[in-house]
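Trainee: Could you go through this one with me? I'd like to start with the overall dimensions and then move on to the details.

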Amino acid sequence: MDFDAVLARRKMVRNFSDTPVPPNILEKVLVAALKAPSAGFTQGVDLLVLVHPDQLARYWEATTTPEWNAATRRAGMMRAPVIVLPLCNPAAYADRYGEPDKTGSGLDRIESWPVPYWWVDAAFATMNILLAAVDNGLAAGFLGMFRGEDEVLTSFGVPSGYRALGAVLLGQPAEPDPASASLGRGRRPPDEVIHRGSW
Ligand SMILES: Cc1cc2nc3c(=O)[nH]c(=O)nc-3n(C[C@H](O)[C@H](O)[C@H](O)COP(=O)(O)O)c2cc1C
């Protein structure tokens, strides 16, 4: 698909059908994450991919409450047949920036980082997934993980120290997919966002 078309079609989908994602398509979307840039080429981002019903149920059980599940639109999100959790490893970045070619960066301790690049890398990888999903005919939505992160990571055997950026839901879209209330804010126009030469 033409890149402009991918950008134009990308949106957060919150209602999925239960149509499975073909493994070869899922693979293409996942591998797109590996093409993302990475600070110091640390590549300290991993993907936890959940596709089996019991895995999906464990994710939702750990991260939601009965009130959340009962709210409108939640059932459509919970039908997504694939959940990808982009994980990052802060220690890998501190280690990488402690290597000789990064001497003097002062970033060999996690606490020293003014901008934690492990989150930056995880976000870049996630964006690749969102765009690759569109390019491969899938719908995608990103969810923050406000509860249950430790439980999810432990339950799926993720080594300690890793953090989860959130969750990417993947699948085929279902109707209706009402727009998020947030969209009522409107998209800021270029002239308001882009400051040319000075603010
Ligand atoms: C960091 C981040 C966290 C988000 N968390 C959620 C979320 O928890 N639930 C949700 O429905 N949408 C979430 N969104 C989606 C935004 O609401 C959405 O991107 C925004 O309204 C613009 O809509 P669009 O992406 O469809 O263009 C999140 C987006 C980002 C970038």
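Trainee: So what radius of gyration does the chain have, and what would a compact globule have?

Mentor: Keeping in mind that this is a predicted model, the chain has a radius of gyration of 18 Å, which agrees with the value near 16 Å that a compact globule of 199 residues would have. Along the principal axes, its C-alpha atoms fill a box of roughly 55 × 45 × 35 Å.

Trainee: And how many helices and strands are there?

Mentor: The chain has nine helices and five strands, and, read from the N terminus, the elements follow the order α-α-β-α-α-α-β-α-α-β-α-β-β-α.

Trainee: OK, helix 2 and helix 7: at what angle do they cross?

Mentor: The axes of helix 2, residues 23-33, and helix 7, residues 117-135, cross at roughly 150 degrees and come within 7 Å. Because angles over 145 degrees count as roughly antiparallel, helix 2 is roughly antiparallel to helix 7, and the crossing of the two is right-handed.

Trainee: Which residues make that contact?

Mentor: Helix 2 contributes Lys28, Val29, Ala32 and Ala33, while helix 7 contributes Ala125, Asn128, Ile129, Ala132 and Ala133. By class, the residues of this contact are seven nonpolar, one polar and one charged.

Trainee: Switching to the ligand, which residues are around it?

Mentor: Around the ligand there are Lys11, Met12 and Arg14, then Phe142, Leu143 and Gly144, and finally Ser180, Ser182 and Leu183.

Trainee: How does that shell split by class?

Mentor: The shell around the ligand has four nonpolar, three polar and two charged residues.

Notes
Residues are numbered from 1 along each chain as its sequence is written. This is a predicted model: local features need pLDDT of at least 70, side-chain atom pairs count only at pLDDT 80 or more; totals for chains, interfaces and linings use all residues. Axes are lines fitted to C-alpha atoms, for helices over the stretch in contact, and angles run from 0 to 180 degrees between N-to-C directions. Helices (H or I, at least four residues) and strands (E, at least two) are DSSP runs, numbered from the N terminus. Angles under 35 degrees count as roughly parallel, over 145 as roughly antiparallel, 65 to 115 as roughly perpendicular and the rest as oblique. A crossing is left-handed if the near helix is turned anticlockwise from the far one by less than a right angle, and right-handed if clockwise. Two residues are in contact if their C-beta atoms, placed from the backbone, lie within 7 Å. Ala, Val, Leu, Ile, Met, Phe, Trp, Tyr, Cys and Pro count as nonpolar, Asp, Glu, Lys and Arg as charged, and the others, Gly among them, as polar. A residue is near a molecule or strand if its C-beta atom, placed from the backbone, lies within 6 Å of it. The radius of gyration is taken over C-alpha atoms; the globule rule is 2.2 Å times the number of residues to the power 0.38.
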